[in-house]
Amino acid sequence: ISLPGYDTTWKDQRNVVDGLLAGLASRQIGSIPIKPGVCVPYMFVGDDGQPRRHIAMTYRLREHPDITIMLEDSSAVEIDPKANPEVYDPEGISDSFWSRYDNTYRKSLRSVWSTPYRRIKLADSKGLESFVKIVRDNDAVDYGYLVVARGDPKAKEDTPDLMLYVIQDSKNAKAKGIEPLGKDAFLAMAQTVAASVKRRPTSP
């Protein structure tokens, strides 16, 4: 859930915070509120369905401590006519994501597939998936999976921008005496997670 930019007044930002607090309510995991708003684990923030949002949740798996999953949901962005439209495309966003990761966390990062991107649907939205091999600075081999789907800001039904990544860091499993996932098992898990992402209705 995003606050306004820094150029807004304190009063505007306070109004946003007050609105969030007014709509905040506890929620049982798996329950689906019937009014518009935003669900986060154990909580629901009700609103009138109009505010822009940018929500990201990160998960770690107890059975597989080498795996981190992140799902991001954002109100679909209008393309700035002065900007390069390619930066809004799933391929451009994916390129940027892997470029930043490549420069920070690895010795090398390469696509496992001969074609870097494959078409896929994420929560009924068209997107691209990518699957990479990561060689860490200590020569450990890990894998990464990313899906990016572009929303439609003009759609009558809310159609958000979506991003899902699944990243492996083997040392977290080895530190607990657990065998890290191999390449095929990692990809199978990542694609299963991607297939499980669904749109949920906000009315009965």
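## The second largest pocket

The lining of the second largest pocket divides into eight nonpolar, three polar and five charged residues. In this count Ala, Val, Leu, Ile, Met, Phe, Trp, Tyr, Cys and Pro are nonpolar, Asp, Glu, Lys and Arg are charged, and the others, Gly among them, are polar. The structure is a predicted model: local features need pLDDT of at least 70, side-chain atom pairs count only at pLDDT 80 or more, and totals for chains, interfaces and linings use all residues. Residues are numbered from 1 along each chain as its sequence is written, and side-chain values use heavy atoms, with hydrogens and water left out.

The lining has 16 residues, and Glu72, Ser74, Val77, Ile93 and Asp161 lie nearest the centre of the pocket. A pocket is found on a 1 Å grid over the protein atoms alone, as an open set of points where a 1.4 Å probe fits, with protein on both sides within 12 Å along at least five of seven lines; lining residues have an atom within 4 Å of a point. The volume is about 250 Å³, taken as the space filled by probe spheres set on the points, with grid points joined across faces, edges and corners. Strands β5, β9 and β10 each supply at least two lining residues, and β10 gives the most, with three. Strands here are DSSP runs of E with at least two residues, helices are runs of H or I with at least four, and both are numbered from the N terminus.

## Nonpolar cores

The largest nonpolar core has 21 residues, and Ile67, Leu122, Tyr145, Val166 and Phe186 have the most contacts inside it. Such a core is a set of buried Ala, Val, Leu, Ile, Met, Phe, Trp, Tyr and Cys residues joined through side-chain atoms within 4.5 Å. Buried means under 20% relative accessible area, exposed over 50%, and partly exposed in between, with a 1.4 Å probe and protein chains only. Two or more residues of this core come from each of β5 (67-74), β9 (141-149), β10 (161-168) and α4 (183-196). Helix α4 gives the largest share, six residues.

Apart from this core lies another, of 14 residues, including Met70, Trp98, Tyr165 and Ile167. In soluble globular proteins, nonpolar side chains tend to be buried together.

## Around strands β7 and β8

Beyond its neighbours within four places in sequence, Leu122 is in contact (heavy atoms within 4.5 Å) with Val147, Ala149, Leu162, Leu164, Ala194 and Val197. Asp124 sits in the loop between β7 (118-122) and β8 (125-135) and is exposed, at 63% relative accessibility. Asp124 and Arg199 are 75 residues apart in sequence, while their C-alpha atoms are 7.7 Å apart in space.

Ser125 belongs to strand β8 and is buried, with a relative accessible area of 7%. Leaving aside neighbours within four places in sequence, Ser125 is in contact with Ile120, Ala149 and Thr159.

## Salt bridges

There are eight salt bridges, each defined by a side-chain nitrogen of Lys or Arg within 4 Å of a carboxyl oxygen of Asp or Glu. One joins Arg14 to Asp18, with the closest N and O atoms 3.0 Å apart. Both residues lie in helix α1 (residues 10-23), four residues apart, which is about one turn of the helix. Arg14 is partly exposed at 43%, and Asp18 is partly exposed at 33%.

Another salt bridge pairs Asp73 with Arg53 (2.5 Å, N to O). Asp73 lies in strand β5 and Arg53 in the loop between β3 (43-46) and β4 (54-60), so the pair ties together parts that are 20 residues apart in sequence. Arg53 is buried, at 17% relative accessible area. Salt bridges with shared partners join Arg53, Asp73 and Asp158 into one network. Asp169 and Lys171 also meet in a salt bridge (2.7 Å, N to O), and Asp169 is buried at 19%.

## Loop residues

Asp66 is placed in the loop between β4 and β5 and is buried, with a relative accessible area of 1%. Asp66 and Lys35 are 31 residues apart in sequence and 37 Å apart in space, C-alpha to C-alpha.

Tyr42 has a positive phi of about 70° although it is not a glycine. Tyr42 is in the loop between β2 (37-40) and β3 and is exposed, at 57% relative accessibility. Asp139, also not a glycine, has a positive phi of about 75° and lies in the loop between β8 and β9.
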